[in-house]
Amino acid sequence: MAKVVGIDLGTTNSVVAILEGGKPVVIPNAEGSRLTPSVVAFTKTGERLVGELAKRQAVVNPENTVYSIKRFMGRFMTEVNEEMKLVPYQVVAGPQGEARVRLQGKDYTPQEISSMILQKLKTDAERYLGESVTKAVITVPAYFNDAQRTATKEAGQVAGLEVLRIINEPTASCMAYGMDKQDETLTILVFDLGGGTFDVSILEAGGGVFQVKATNGDTHLGGDNWDQLLIDWMAEKFKAQNGIDLRKDRMALQRLKEAAEKAKIELSQVTQTNINLPFITADASGAKHLDVTITRSEFEKMSLNLVERCANPTRQAISDAGLTPEKIDRILLVGGATRMPMIQEFVKRFFGKDPHKDINPDECVALGAAVQAGVLVGEVKNIVLVDVTPLSLGVEVLGGYVEKMIERNTAIPTSGKKVFTTAADSQTAVEVHVIQGERAMAGDNKSLGKFMLTDIPPAPRGIPQIEVNFEIDSNGILNVTAKDLASGKQTGIRLTGSTNLPKTEIDKMIKESEAYAETDKKKKEEAEVKSQADSLIYTTEKTLKDIPNVDSALKGKAEEGMKKLKEAMDSNDMNRIKSESESLKQVLYEVSSSVYAQAGAAAGGSGGKTVWTPQGEHPVGNEPSSPGGNGGVIDADYRVEGDGEGKK
């Protein structure tokens, strides 16, 4: 059976995992790391870089290096004003007002960028497993709305993956933690603070059943916000000293971001750190350097508002679950940002107990996704997951109010059905406006889209009966239909205001993704051909240098072969490089054969030739000793034929 991988598509880093022998394990990437930076870049030559290679060149190419793309998934431009301030690349509006990124004059959807990261994880998994990977379980923040979940699924499709399930990150973490604790029933709170999102989920785990009781969060809060605090602090310090705002220089801003992330991590280990960025900018007086020191207490003071933003979602999730902090048995910290002492102290203060630290906050989400993948393919049989929808869903009714169809924290899959009527006489069409959120007025919530039900038989207002049906699948993705009960006319949702991609655009992206994969494969093959040719030239040169008595004709032939191969490499003609490499290889064989023949002649045939003889075997060219004597056992590591004397 083909393997199904579990993928944590993170804001800062992504991880891919697989079940091996019934246990989830993280798959290392091609660079040998277990974490792959969620970074995509395009170089000046048009080459696409993903992961560590993209992250390394970010300082010199900030405008064309995309990170934190997860913050833009399934969102409109009006929703990402805060996120746009955190990145150096250009964010533009798509045809429907959705957020896209512009790189080298071309616009990319967040789904496309995310698919490039997923494609990298897919390739690394295939290299590790030695077989094709076509199916995956992908995680999302629990508080992702319908558009964001659908966008994530689309990214998987573009990457060539069949997404079997979208599951919530805290739920996945709990599955990874509780897989070997099925003999006890626990109430677990997962405190998940990642690079770009914050989630709190409360689950009841026991007997192999993981039931989500409540979830809450903030999709605008994550480690990136702490980085931004440090960036602003450094920029203000520098501005006060030099009168220059480094945030207006994209290259300097990228260096500030890298320094901020490094300082944030260091301040989790030490009480103060020095940030030294030489030649950060220059003015008429010359080069300018940034050299500042910050203490952990200073960092924590400036972070008070961010830490406090964790309180309300935590409080609301506990309330929705009908619990109090004392009723929580285990608190799991998930996401790299939970390594900050200020967050651990907040959790301890809020719950009156220490959080558990026996899971890896960076890897547990992917491990849980791999467990869920095992459940779906029947490899794991004793686990059941019951998840919930994080936000209420409804439709806009007369007066701009929201009529709720499905309440938040309802177990999924689920459905809700209600009958509505017309607001005017002889009305032949109704617009169904789908809303997600908890506010009373439609305008204060998230609009998921609108669609029309037409050809309703004319009748006085209040007479027609239109049945609206909401269905949420196991991925937390919504489908809506409206049906006129008199005529039987029915239509489904077509999200005219949604960020979801039409099938034609997804198909186009898939083709482009496949073309890129083919291009990448071709580039890799070309690099290998060139590398082998270069190695062959080096070997030939070394052979001619180390062995002075090579026949002059053969030496000239080898030198001519090397010259032709170098010319072929300069021409970049792969067929020519392969042909000339093969020719030079044959000449090198001739040189080697000639040298060995000369050495054999000089030694006088086989006399004096050393023949290595493994213990207990007979020498090359001799028959085994007949029974008797020493029984054919040769007590020697090797012997020299022709001198009549055994040697040890």
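1. Helix axes here are lines fitted to C-alpha atoms over the stretch in contact, and angles run from 0 to 180 degrees between N-to-C directions. On that basis, the axes of α3 (residues 110–129) and α4 (residues 146–158) come within 8 Å and cross at roughly 55°. That makes α3 oblique to α4, where angles under 35 degrees count as roughly parallel, over 145 as roughly antiparallel, 65 to 115 as roughly perpendicular and the rest as oblique. The crossing of α3 and α4 is right-handed (the near helix is turned clockwise from the far one by less than a right angle).

2. This is a predicted model: local features need pLDDT of at least 70, side-chain atom pairs count only at pLDDT 80 or more, and totals for chains, interfaces and linings use all residues. Residues are numbered from 1 along each chain as its sequence is written, and side-chain values use heavy atoms, with hydrogens and water left out.

3. Overall make-up. The protein chain has 15 helices and 31 strands (DSSP runs numbered from the N terminus: H or I of at least four residues for helices, E of at least two for strands). Of its 648 residues, 49% count as buried (under 20% relative accessible area with a 1.4 Å probe, protein chains only). Take contacts, meaning heavy atoms within 4.5 Å, between residues at least 6 apart in sequence: 66% join residues at least 24 apart.

4. The α3–α4 contact. From α3 come Q111, S114, S115 and L118; they meet A151, E154, A155, G156 and V158 of α4. By class, this contact has 4 nonpolar, 4 polar and 1 charged residues. Ala, Val, Leu, Ile, Met, Phe, Trp, Tyr, Cys and Pro count as nonpolar, Asp, Glu, Lys and Arg as charged, and the others, Gly among them, as polar.

5. The α10–α11 pair. The axes of α10 (residues 311–320) and α11 (residues 341–351) come within 12 Å and cross at roughly 40°. So α10 is oblique to α11. Their crossing is right-handed. A311, T314, R315 and I318 of α10 make the contact with F346, F350 and F351 of α11. The class count is 5 nonpolar, 1 polar and 1 charged residues.

6. Cores. A nonpolar core is a set of buried Ala, Val, Leu, Ile, Met, Phe, Trp, Tyr and Cys residues joined through side-chain atoms within 4.5 Å. The largest has 47 residues, of which L189, F191, W226, M234, I275 and I343 touch the most other members. Helix α6 (residues 223–242) supplies the largest share, 7 residues. Beyond four places in sequence, L189 is in contact with V200, S201, I202, I318, I328, R330, I331, L332 and F351. A second, separate core of 45 residues includes I27, A41, Y108 and I113.

7. T338. This residue is found in the loop between β18 (330–334) and α11. T338 is buried, at 2% relative accessible area. Neighbours within four places aside, T338 is in contact with F191, L193, L333, I343, Q344 and P361.

8. L393. Strand β20 (residues 393–397) holds L393. L393 counts as buried, at 2% relative accessibility. Its C-alpha atom is separated by 9.1 Å from that of L478, 85 residues apart along the chain. Not counting residues up to four places away, L393 touches K404, M405, I406, I435, Q436, L448, F470, I472 and L478.

9. Helix α5. This helix (residues 169–178) is mostly covered, with 9 of its 10 residues buried. Among the buried residues are E169, P170, C174 and Y177.

Methods: Buried < 20%, exposed > 50% of the residue type's maximum accessible area, 1.4 Å probe, protein only.
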